[in-house]
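Here is a quick tour of a model with more than one thing to look at. Have the viewer open and follow along.

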Amino acid sequence: MSDAPYEIVVGLEVHVQLKTNTKLFCRCSTKFGKPPNTQTCPVCLGMPGALPVMNKKAYFLGMKTALALHCGIPKFTKWDRKNYFYPDLPKGYQTSQFDLPMSEEGYLDIQSTKDEFEPRRVRIIRAHLEEDAGKSMHDEAAGKGDSRIDLNRTGTPLLEIVSYPDMRSAAEAKVYMQELRLLLTYLDVSDCNMQEGSLRCDANVNLHIPTDHGVIATPIVEIKNMNSFRSVERGIIYEARRQYDVWQETGKVLGELPKQTRGWDDSGQVTRAQREKEESADYRYFPCPDLVPVVVTDEQIEKVRSGIGELPAGLRQRLQSDFGLSTYTAEVIVNQGRALVDYFQELAEACGDHRLAGNWVQGEVLRILKDQEVSIDDFKLTPSQLAELLKLIQAGDLDSSKAKDVFTAMLESGKSAADIVEDLGIERVDEGALEDLCRMLIERNQRVVEDVKGGNEKAVGALIGQAKKENPNVNPGQVRQICLDIIQNM
Amino acid sequence: MSIIQKTATEQLALLRSGEITSVELTQAYLSRINQIEPAVGAFLRVESETALTQAAEVDRRREIGETLGKLAGVPVAIKDILCTKDTPTTCGSKMLQNFVPPYNATVVEKLRSADAVILGRTNMDEFAMGSSTENSAYHPTQNPWDTSRIPGGSSGGAAACISADMAPLSLGTDTGGSIRQPAALCGCVGLKPTYGRVSRYGLIAFASSLDQIGPLARTVEDTALLMEVLAGHDSLDSTSVDTPVPAYSKSVHQPLESLTLGVVNQHFGEGIDPEIEAAVKQAIATYTSLGATIKNIEMPHADYGIATYYIIAPCEASSNLARYDGAHHGYRADHAEVLAELAEDGSDEGPLVRMYRKTRSEGFGAEVQRRIMLGTYALSEGYYDAFYLKALKVRRLIRQDYDNAFGEVDLIIGPVTANPAFAKGEKTSDPMAMYLEDLYTVTANLAGVAGISLPCGFTESGLPIGLQLQAAPFQEEKLLRAAQMFQNATDFHTRRPELS
C-alpha cells in the first residue's frame, strides 16, 4: 500500500467460539448444525424464572487463550448485562463482561512470510467472555414474510479478543487473523471454523491522510460479516478506498460523523451500510445480579499456564535454533499445525539430517497433503518409513529425482524404501566405472568437447542423456561434474 | 374446632396418627375456599382436581407404609410467581396469561418431594410490584379482616388465604417487604429469609439481587416447618449459599437465653400510626418481661432505604422484564393491529419495534411500566453513576449499618408497617404513598438479612398489627426461636377474622 496516498489504521474484534461441550450458562450442547431450536432449555431460551450457572470449562479455556496472548489475568472479575432488544436475544440482554473483563493488556506478534510488511507487535486491549446470540433469518420483503429464529447458538461461549488499532494494512489484518487462528488451534480452545462462525471478525477501520494541513483521520467504520481471511483482507482494502473517496468528496473527518457499521458483502465485494440495532447504542450495562463474581487464585492461573504447551512463535524459533531450519521452512511447517511439527521432529531425529527432513516435509510431504487434501494424520508414511528413504539420500544411494520416484512408489504401494529401490533396479554406480563411462562418451562426442571449451557448458547435457541410456542408475549431477572436469583438464 | 382451624403442625400429627386423611383435609380447605373465596379473592386459580389427586396419592402411600416427606398430605398455596411445570404461571400479569412453564421452581420441587398437596395459585401484584395486590391484572384481593381494605402486597393472596383459613401454609416472595407487609396487614406470620438461603430458580424475577422466597403461616411453628423444607443450596441458582439448614421446626421451641434486642429510634419517628407504635412498644415490653435486654441502636443510613430501593429494584426489573417482548414468551400484540397502526400514523418505525412497543404497552400494567421506565432511565448513559452506582454505595452502607448493629444485638425489633391495612383505592393514584409502605422492610432486602413479621396486636377497629424482627444473615433459627417466645406469651395469632 506504499503507493496509496493514505495509511490504513485497523483494530480487530475477534469472536472465538470456545470448544466446550455445553453452553456458557446452561448444559445445552454446543454442537453445530442440529435442527433449529433443538439444543435449548429454559435457561438459554431466557424463560421466566430460569437462572444461569457459569460453565467453568469455558472460563478456563478463555484464561488459557488470554495467557497465551500475554494478557494479565485479574483475580476478580464479574458478569454484566448488555441490554438491547433483538429477536435473536431472548432475554433482552446479553451476559458479557464490561468494566472488569477476565483479561487485559496482551499482544500478538505477526510477521509476513511474503515480506508484505515489517514484523509487528499488535497489542491486545482485552479478552472477555460473553454468550452468543441466536441466529435470525429474515425475509427482507418489508412488512411481509416471516423472520425465523434459531436459538441453538444462543448461550454458546465466546471469547471476544479486542486489539488496539495497531495494524497498518489489510495484509497485516489478515496475517493477524491467521496467526490468531493458528494460536487458537495450538491451544485447542476452538474449532476455529470460520464457515460455521466459530471464528468471527469485525474490523474498525479508518485512514490517516497526510495533507498540507497535517495528517487528518477519517471517521471510523466498523466492518462486520467478514467470514474468511480473504474477505478480511478484501473488505479492509475496499473500505479504505471507499473512505478515501468519501473524504475527497465530503472532507468529513473523525468526530464529524458518528461511528458507522457496514457489512461486508462477499458476493458483491463491497461494504454496505447496515441498519443499526438501535438508533444509538446505549446498552445500559450493569452487573448481572444472577451470577456471582469470579474470583481466581494464583494456583488456578498457574495450572492453566502450565497446560499451554509450546506455541507457534516459540516453535518457529526452536526449529531454527535446534534443527537448523531456515526461517521460511520453520514458518511453513509450524503454520501447518502441531501435528506436522511433531511429524517433522520424529523424522528429523530418525534420519539425523534435520535440514533434509525439513526440506522434505516442507516440500514433498506438504505437496502430497495438498494434492490429496488430507491432514498429516492421514499421511500414508510414518516418520520412520520416510526416514529410511532420507537415509538412502544421505548415503548417496539416491539422487533427488530418483528419491522422488521412490517416494511416489512408496505412497502407492506401501512398500519400504529398500524394497522399492530393489524393484526399480536402482543400484549405486561405482565411481571408477562412472569415470570410465564418461571418458568413453567424451571420446565419442568431440563436438561437445569443443563447445564446452568454447564456453558453452550446457552442451555437456548431451553427454548426460547418453550416460542415462547406458546406465539408468547414474546420477546426472555426478555425470555432469565428472565430464566437465575431464574436458577442462584435456 | 374445625380441622382447618388447626395448625399445619397439628394437622400433620393427625395425618400421621391416621385420625384424618389428606383427602379429608384437602376437601375441608376446598369447601372453605368455595365458601369464602368470593369475598376474599386470594386465589388466581384453585387446583382442586390435582390437589385431591395428590392428597389421595399421599394417603395411599401412607397406607402401604411408605416413608413420607415432612409435609405429607398438608395443603400449601403457591404465589403465582413460582414456575410450576405444566401449570399456568401468570405472575399476576396479562403478559403471562398463557405462560405454562415446562419446569418446576426449585421450591416447588421441594414441596413435591416433601409430599405437600398443592392447593392453588395465589393472587399478587403484577410481577410482585406493589403493596396492595391491587396491581393484579386479574382481580384485587380483599383483606379478610375488613374486605373494604387491601391485604397488602405483593404477596396479598398468600397472606389473605392464610388468615382466612383457606390454606394452612403458603409461599410468598419478598423483594422489598412483599411477604412481611401483607403478613402484618392480614395478621399472620411471614418470613423473608436471608438472600441466598432459598433457591430463586423458577421464581419469576422482579429484582434478582433482592428477591427471596419465604413461608407464610398462622404460627411461628408452622413457619419454621415450611422454612425447613424450602431452605438449602441449589446448584441451579449461583446466588444460593451452601450452608447447612438447621432443623428449624425442632429448635423453634427452645427459648433464647440472654436475648438482646435492638430498637431503631427512626422507626418511631414521624408518620407512624399511634396504635401501631403502642402495639410494637408493648411487644418490646413483653420481650423485656421474658428477660430480653433492649438496646437503642443507630441505623444512620436507614432513611435512604426507600430511595436506594427504588433505584436498584427498577434497574434490575427493567432488564429482567426485557424478555417480555412478544417475540418469545407470553403475550404478543396482534400482528394485523400492529400493521394497521403503523399505516395509520405513518410512522417510519419498523413493524418489529412497533410490535415490541404495542406488546409491552398492552401486556404490562401501569405500575410495571412505571418501574421499567424508572429503571431504564437510571441505567442510561450519563445517569448510571448518579443513580445506580450511588444506590449501590448506599446499599453497602446500609449493610454496614446492619453489620454494626448485629455486633451489638441479637435481633432488631420494630414495626413492619407505619399504618394498618388501608382502604382499597386509597393509594392507587399516589405511587409515592404506596412506595412508603415498604419503609421498614426494604432495608432487610438491600442488606440481604432475614426478617419476620408476626401478629402483635390489633387496632381499635380490629385490624391486625405486625411486629418485625430482623436477624443477621443465616440467623433464621434465632429469629424463629425469638418469635416463638413472643407467641408463647401472647394470643394475637389465635384470633380469626369473621368471614362468612
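What follows covers chain B as a whole, then its domains, then a sheet and a loop residue in chain A.

A word on the ground rules: this is a predicted model, where local features need pLDDT of at least 70, side-chain atom pairs count only at pLDDT 80 or more, and totals for chains, interfaces and linings use all residues. Residues are numbered from 1 along each chain as its sequence is written, while chains are lettered from A and ligands numbered from 1 in the order in which they are written.

**Chain B overall**

Chain B carries 17 helices and eleven strands; these are DSSP runs numbered from the N terminus, with helices being H or I of at least four residues and strands being E of at least two. Its radius of gyration is close to what the globule rule gives for 500 residues, so chain B is as compact as a globular protein of that length. That radius is taken over C-alpha atoms, and the rule is 2.2 Å times the number of residues to the power 0.38.

| Quantity for chain B | Value |
|---|---|
| Radius of gyration | 22 Å |
| C-alpha box along the principal axes | roughly 70 × 55 × 45 Å |

Of the 500 residues in chain B, 59% count as buried. Buried here takes 20 or more other C-beta atoms within 10 Å of a residue's own, exposed takes 12 or fewer, and partly exposed is in between, with C-beta atoms placed from the backbone. Among contacts in chain B with a separation of 6 or more, 76% join residues 24 or more positions apart; a contact means C-beta atoms, placed from the backbone, within 7 Å.

**Two domains in chain B**

The assignment, which is automatic or from a database, gives domain 1 (3-261 + 411-494) and domain 2 (325-363) of chain B. Their C-alpha centres lie 38 Å apart. Six residues of domain 1 and four residues of domain 2 make the contact.

**Over in chain A**

An open, antiparallel sheet of three strands runs S4-S3-S15 in chain A, where pairing needs at least two DSSP bridges. Strands S4 (93-96) and S15 (286-287) are the edges, each pairing on one side only. Strand S3 (residues 80-83) and S4 of chain A are antiparallel over four bridges, and A:Lys82 stands opposite A:Gln94.

Where does A:Ala281 sit? A:Ala281 is in the loop between strand S14 (270-273) and S15 of chain A. A:Ala281 is partly exposed, with 13 other C-beta atoms within 10 Å. From A:Ala281 to A:Asn473 is 192 residues in sequence and 75 Å in space, C-alpha to C-alpha.

Methods: Two residues are in contact if their C-beta atoms, placed from the backbone, lie within 7 Å.
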